[in-house]
Amino acid sequence: MKRQDFFFELPENLIAQQPPKQRRDSRLLVMSGAESDYTIIDAKFPDLLSYLKPNDLLVFNNTKVIPARLFGEKQTGGKIELLIERVVDDKTLLTHIRSSRSPKPGTILTIENAFDVEVIGRQDALFIVKVLSDKSALELVEENGHMPLPPYIERPEDEEADKERYQTVYSQKPGAVAAPTAGLHFDNELMADIKAKGVDIGFVTLHVGAGTFKPVQVDEIAEHVMHSEYLEVLPGLVEQVQQAREKGGRVIAVGTTSVRCLESAAKFSNTGKIAPYQGETDIFITPGYEFKEVDVLLTNFHLPESTLIMLVSALAGYQRTMDAYKHAVENQYRFFSYGDAMLVFPKKQTIN
């Protein structure tokens, strides 16, 4: 398939610039039924409960967004902006640097008038910088950074509210520079209601990188090189998946990052079934992919021609997905990180 197959017209006014007043106030589009006879249902996000059954397993990504955008200057006085891609270790960051001229190795940068870093090398388009401080890199970022809102949220800077709302209520492990946005709709009360219904809740970790916003630049999608991200699927989660299967429950991935975790853990095992895994993944899921562990997907609406809409199409079917997006535009759904959600049943599976 070609990149252009996944294009759709999106009016700018449908790109959510602010979160809804309450997390659960978003809408929910439900896709169900076979490709030849499917249904699109307009619902509200709390209606998700009615589509869950006892013994189902909801898998969330518990990564925590770090305030990864930093401003500073060179010793010459030139202004710079850093967007951290990854905290490599206690003293090292892998980062994008926006500057009038790319800094060379050995260049000292003063960040937020609070600490210095030294550029020590390059990794493709990214810069490797070393923190020159007694404090850890993560500690300095947490103290001085700004929330890294996506490029399509056109605000001059992040706001105080973003520190809470561009973060899931269950975030635990710092390292992401973009939120796993399907999880932003859940509040603590809804999480409790899900458990009360007999639905199990499990967690994986994938530290979302800025590469998630990288556009597909080749026409043939098979030629696209996927960015790599770090993930963890621990033994406890694998056991939860196995228990859900034994009890006849479904594995429901909350967000495309949870899909990437579950499917990568199956891909890298020796058996083709899920097994514990910690490491990198560059899995690229497109139409024709056979899912091994994910039965249902809860996700937000994604960018035209993005790898994420391709992933949704792989599960839902291409035409179903494009029809659902057309319906969402016509019915004024809110798009992207602070937007509405969709519940995606596979192209051969119905709600029941």
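**A covered helix in a predicted fold**

Helix 5 is mostly covered, with 11 of its 12 residues buried. Please keep in mind that this is a predicted model.

**Helix 5 up close**
- Helix 5 runs over residues 256-267.
- From first C-alpha to last, helix 5 reaches 16 Å, close to the 16 Å expected at 1.5 Å a residue.
- Its buried residues include the charged pair R260 and E263.
- Also buried in helix 5 are T256, T257, S258, V259, C261, L262, S264, A265 and A266.

**Overall build**
- The protein chain holds 7 helices and 17 strands.
- A compact globule of 352 residues would have a radius of gyration near 20 Å, and the protein chain agrees because its own value is 20 Å.
- Along its principal axes, the C-alpha trace spans about 65 × 45 × 40 Å.

**Packing and contacts**
- Of the 352 residues in the protein chain, 56% are buried.
- Taking contacts between residues at least 6 apart in sequence, 73% join residues at least 24 apart.

**Surface and charge**
- The protein chain has an accessible surface of about 15700 Å², and carbon and sulfur atoms account for 48% of that.
- How far apart are the mean positions of the positive and negative charges? The protein chain carries 39 positive and 50 negative charges, and their mean positions are 1 Å apart.

Technical notes: Residues numbered from 1 in each chain as written. Predicted model: local features only at pLDDT ≥ 70, side-chain atom pairs only at ≥ 80, totals over all residues. Heavy atoms only, no water. Helix = DSSP H or I, 4+ residues; strand = E, 2+ residues; numbered from the N terminus. Rg over C-alpha atoms; globule rule 2.2 N^0.38 Å. Buried < 20%, exposed > 50% of the residue type's maximum accessible area, 1.4 Å probe, protein only. Contact = heavy atoms within 4.5 Å. Areas by Shrake-Rupley, 256 points an atom, 1.4 Å probe, with all protein chains shown as cover. Charge placed at Lys NZ, Arg CZ, Asp CG, Glu CD. Expected span 1.5 Å × (residues − 1).
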